[in-house]
Amino acid sequence: MTRIVILGGGIAGLTAAFRRASAGETIVLEAGPLAGGSIRTIREDGFTLECGPNTLRTTAAAERLLADLGLEPETVKADSKAPRWIVRGGSPRAVVPGPAALFNKVFTTKGKLRLLKEPFVAPRPASLEDESVHSFFARRFGEEAAVYGAGPMVSGVYAGDPRSLSMRSAFPRLWEAEGAAGSVIRGLLRKKEKKGAAAAPARHRARTLTFNGGLFALIETLQSRLSERPGFRLELNAAVVAIEGPRTPGPPGRRWTVRTADGRAFDADVLVSTLSAPADAQLLDGVLTRSAAALALLPSSPVTVVMQAYRAPASPRDAPHGFGGLIPQVEGFRSLGILYPASLFTGRAPEGFVLTTSFLGGALDRALASAPDAELLAVASAEVARFFPRLGPATRSWIARWPEAIPQLPLGHHRTLAALEQDLSALDAVAPGALHVTGGFCDGIALGERIASGETLGRTL
Ligand SMILES: Cc1cc2nc3c(=O)[nH]c(=O)nc-3n(C[C@H](O)[C@H](O)[C@H](O)COP(=O)(O)OP(=O)(O)OC[C@H]3O[C@@H](n4cnc5c(N)ncnc54)[C@H](O)[C@@H]3O)c2cc1C
């Protein structure tokens, strides 16, 4: 019976364990005192607050996971028509999802006309191997789209710098759409047609959701279902500090030995890493000979999350309404974005309260992420007040710090991933199936993608 050790008890590691296809021992080693990784929910006095991700945009794999965990009755869906707000000229302007988005007041008429010209813009030259997100959007859709569209998107998803983040690695679907059709719009339309024809009976409809108990309910349910499985163990406070192996041929169950900071050792036939790129580089440097140097240097952006509760104002027009606001860098705010959790989902705050969640720091304002609480609260409150001048002072605040929140993918990152693939294939040739690596730096950072990666991986185990 194969013994599998999974490094990291976040959503990817737990999903991989849950989806394990074969019987045998599975041990998840988690450095922290709780499983869940970036998913952390505070439940306090009727408030349900997210310290990390707030929304799960479902993939087909996520839908399957919710169904298999029996979590559907616990889901709380976001209103798909909830407006997003983008700041322009100092004030937030609504962007309503769907065709009505064309009537937004974020882009000028000239900017909108330039957007519509995208299909007629020359395709990228074959020699252009990668480019920054800003440069891609400016080339395809115009400078305004790059500043007021791509910029806030990069802040909202990656807390990153649009002028250094790799388009090819961070938004592969758009990059590939241009590559396939010479135009992003034509490429996406073509893909949609193909998908419709090929998968008509079971097309997946993405939903944006959370759960009654917040996103951590997903972790609790996974943990509880896994704990019923014979051979499953979750070891908390088990920070992996060294890995020995692979021993080829290894004695059964002892191909690898994993050592933790508190002196314990765990033997394994198969290792699954869900850790960060620098952690993989450090722990597996003997195996990742081609990729370790680049992985070791991969930065992450720090993000500090400030959650605030306010008394609901007398007029709903003065309260946060919709999904939340995104702020282009040129607008001179320090918040990357502000979410409105109690407007987005029901049941997040007791009657009479509204909530805001401000994201501070990121790749372009690293120092702010590690500022003292008082400074963070002052920045967040002042900028919420610019959005909602009639909201009184916050009645309660919570702060969550993520020093290494989101991996940043530099230009040419695809070459590092190709080198990683080569390392894993070379190892596979001598020790088949001995090592699997997944992570936001190589197969998508959104929760739906992390669940999909965990599922795909788990099914090979
Ligand atoms: C502030 C914030 C907001 C976000 N918002 C959203 C959102 O709204 N929607 C969305 O889809 N995504 C969002 N994301 C991204 C998403 O949450 C993450 O990409 C996802 O949770 C990562 O899951 P994972 O299992 O791959 O990694 P992680 O959650 O990072 O799990 C890895 C685990 O490994 C553990 N670990 C690390 N080192 C060791 C070691 N040496 N030994 C043992 N264990 C170790 C860690 O403690 C951690 O628990 C957000 C992320 C952050 C930080």
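Two bridges join strand E5 to strand E9 (residues 208-211), and the two strands run antiparallel; strands here are DSSP runs of E with at least two residues, while helices are DSSP runs of H or I with at least four residues, both numbered from the N terminus. Two strands count as paired if DSSP finds at least two bridges between them. Arg-57 stands opposite Thr-208 in E9. The pair belongs to an open sheet of 3 strands in the order E5-E9-E6, with antiparallel pairing, and its edge strands, E5 (56-57) and E6 (75-77), each pair on one side only.

All of this is read from a predicted model, in which local features need pLDDT of at least 70 and side-chain atom pairs count only at pLDDT 80 or more, whereas totals for chains, interfaces and linings use all residues. Residues are numbered from 1 along each chain as its sequence is written.

Another open sheet has 3 strands in the order E11-E12-E13, and its pairing is antiparallel. Its edge strands are E11 (240-244) and E13 (265-268), each of which pairs on one side only. On average, neighbouring strands of this sheet are turned by 20° against each other, direction ignored. E11 pairs with E12 (residues 256-260) in the antiparallel sense over 4 bridges, and the bridge partner of Val-240 in E12 is Thr-260.

The chain as a whole is divided into domain 1 (2-37 + 58-72 + 216-298 + 411-460) and domain 2 (102-121 + 129-200), with bounds that come from an automatic or database domain assignment. The centres of the two domains, taken over C-alpha atoms, are separated by 32 Å. Between them, 4 residues of domain 1 are in contact with 5 residues of domain 2, where contact means that the C-beta atoms of two residues, placed from the backbone, lie within 7 Å. The side of domain 1 that touches domain 2 has 1 nonpolar, 3 polar and no charged residues; in this classification Ala, Val, Leu, Ile, Met, Phe, Trp, Tyr, Cys and Pro count as nonpolar, Asp, Glu, Lys and Arg as charged, and the others, Gly among them, as polar.

Two packed helices are described by the angle between their axes and the distance between the axes. Helix H4 (residues 133-141) and helix H5 (residues 143-158) pack at an angle of about 140°, with their axes 8 Å apart; axes are lines fitted to C-alpha atoms, for helices over the stretch in contact, and angles run from 0 to 180 degrees between N-to-C directions. The residues that make the contact include Phe-137 and Phe-141 of H4 and Gly-149 and Val-154 of H5. By class, this contact of H4 with H5 has 8 nonpolar, 2 polar and 1 charged residues.

Helices H1 and H17 pack at an angle of about 35°, with their axes 7 Å apart. Among the residues in contact are Ile-11 and Phe-18 of H1 and Leu-447, Arg-450 and Glu-455 of H17, and the contact of H1 with H17 divides by class into 8 nonpolar, 4 polar and 2 charged residues.

The ligand has 34 residues around it, of which Gly-8, Gly-10, Ala-12, Gly-37 and Pro-53 come nearest; a residue is near a molecule if its C-beta atom, placed from the backbone, lies within 6 Å of it. Helix H1 (11-18), strand E15 (300-311), strand E19 (396-407) and helix H17 (447-460) are the elements that give two or more residues to this shell. The residues of the shell divide into 19 nonpolar, 13 polar and 2 charged.
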